[in-house]
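Notebook open, model loaded. I wanted to see how the two chains meet, then what one of them is built from.

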Amino acid sequence: MRKYTAALPFLAIAGVVGFLSFGAATAEQAKEKVDPQQFARGAKAWAKTCARCHNMKSAQDNSDEEWHVDVTHMRVRANIPGDVARDIEAFLRASNK
Amino acid sequence: MKAISYWGIAASMATAVAISGLTAPLYAQDADEARLLERLNSLESEIQKLKEQLKETKKESSDTKKVAEKAEKKAIKAIAAKDIVRANSWHLAGYADVGIEFSDGDNADTFTSGKFNPAFHFQFKDIVLFESEFEVQTSNTGETDIVLEYSQLDFLLHDNAVLVAGKFLSPVGQFQERLHPSWINKATNAPAGFGHGGIQPISEVGLMLRGGVPIGEKLFTYSVAVGNGPRAGHDGVELEGFGRDDNSNKALSGRLAFMPFDDLEIGGSFLNAKIAPEAEEEGDGHDDEVEVEDDHDEAEEIIAEVAQGDYELWGFDLAYTRGNWDIRAEYLTADLKGLGGDDDHDEAPEPLGWEAWYAQAAYRLSGVTDSAFIHRLEPMVRYGRFTAEGDHELEDELSEKRFNVGLNYWVSPSVVVKTGLEFRNYIAEHREDDTRLQFQLSYGF
């Protein structure tokens, strides 16, 4: 019985994962649309989100590919919602040229 | 003398009254018309002014619209100009630090080799991220220590949910997960009780579900982990991620946080676990020791017969980061009950307890003067306390009050030179207090 009880958290997580997986494809489709307001939203989110923990690095510090990965890393570490992370990434990639 | 004709006077007065009575309305009508005309002129003038203002506003609006359209075109062009990112992309990040420390206590004045923490991030599309960080440093005896800080796969399930699997930094509290890298930490080291050997869990091995959920303009975040959990150890409980569990009970930990404003974050953390009695890697002949072998089955069987302890931790933290201010506070308390008890003899070992907290404030002097040098300075202050209860040896070894005051110079947003004074006040009477002067150069990359 103890073994089954220990497995309950995993079953709960598996259920949540199954439910949430539907959202992954939707999120990937949404990011392809060019939204002119994304730059402004990204700039604002970059300023208020990153500074919660550390100084903000310059957009020129990283290439597009590096920002793509770095922002995902920070999305996970700082619990940033995916749409906000995409805005920040768009702003940084548009500002590092 | 000519007699006064009262009738004549009366008649004259009557005539005058009659004339004035007839002409008064005429005069009043003229005055009203004059006022009306004056009012009309005034209104006409105001309308004219309003027309001019409207014209100016229209022009400004048109100019603003042109600027906005230009900015929008620029934004679209900039966003469209971004490079194509490969399906498999990666990034090398991390940090390194070196330092020197002078002490008036028993410790010798010393250079510190510091740490080199490379972090590797590999991402496949917007589906999965693998991230791993090593901590490499030279030990006091000259050996090179390499520790795997974390090695985790992050599955991006949803905008509001990420599933993390592997070894990850503990989500409990804010210092360990977010603030411990030396280029982020405002002081040269961790607050008392928040580093290795402290109350704050360092890492965990297992699964974690985490994310951020917007509620209107506010943000709620969650991180909930199930993992192998802590083990009994030298300092009572070792709160690091272990590659294999020594009991089947999984530890549940996490942090929930809320941001009522952009600048304020309030979080609450917890950890609940079963702790098996301390195991020895190699037995030295004592009958009561529990030996852990490679296959672990025998050891787990023996451990199952000994009473496991209940470890419970909770705490809260807050962060206020507005403008030049960076203010943080964190509190954690934990206790361990029933470890090593014997049900047959009704023996209840004394519970162990830990408590730690700190509060710190830093202020960046940018904008205070015209001096570029002063703009880069950041004074900081931190006070904290760590106490242990239930075991005299542990109490003497761990309990202390720590006060830090420092001045940081930011060479760039991720390169900092820190100077600090640290006052350590040990609670054990036989331990001499200690004051340290510290310098550290840290670079986050």
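**Where A meets B**

I started with the contacts between the chains in this predicted model: 44 residues of chain A are in contact with 54 residues of chain B (contact means C-beta atoms, placed from the backbone, within 7 Å). Helix 1, helix 2 (37–50), helix 3 and helix 4 (82–95) of chain A each give two or more residues to the side that touches chain B. Helix 1 of chain A gives the most, with 13 residues. I sorted that side of chain A by class and got 20 nonpolar, ten polar and 14 charged residues (nonpolar is Ala, Val, Leu, Ile, Met, Phe, Trp, Tyr, Cys and Pro; charged is Asp, Glu, Lys and Arg; the others, Gly among them, are polar).

**Chain A by itself**

I found four helices and zero strands in chain A, running α-α-α-α from the N terminus (helices are DSSP runs of H or I, at least four residues; strands are E, at least two; both are numbered from the N terminus). Of the 97 residues of chain A, 33% count as buried (20 or more other C-beta atoms within 10 Å of the residue's own, with C-beta atoms placed from the backbone). Among contacts in chain A between residues at least 6 apart in sequence, 72% join residues at least 24 apart.

**Confidence check**

Chain A averages a pLDDT of 81, and 66% of its residues score at least 70 (pLDDT is the predictor's confidence in each residue, from 0 to 100).

**Bookkeeping**

Residues are numbered from 1 along each chain as its sequence is written, chains are lettered from A and ligands numbered from 1 in the order in which they are written. As the model is predicted, local features need pLDDT of at least 70 and side-chain atom pairs count only at pLDDT 80 or more, while totals for chains, interfaces and linings use all residues.

Notes. A residue is buried if 20 or more other C-beta atoms lie within 10 Å of its own, exposed if 12 or fewer, and partly exposed in between; C-beta atoms are placed from the backbone. Two residues are in contact if their C-beta atoms, placed from the backbone, lie within 7 Å.
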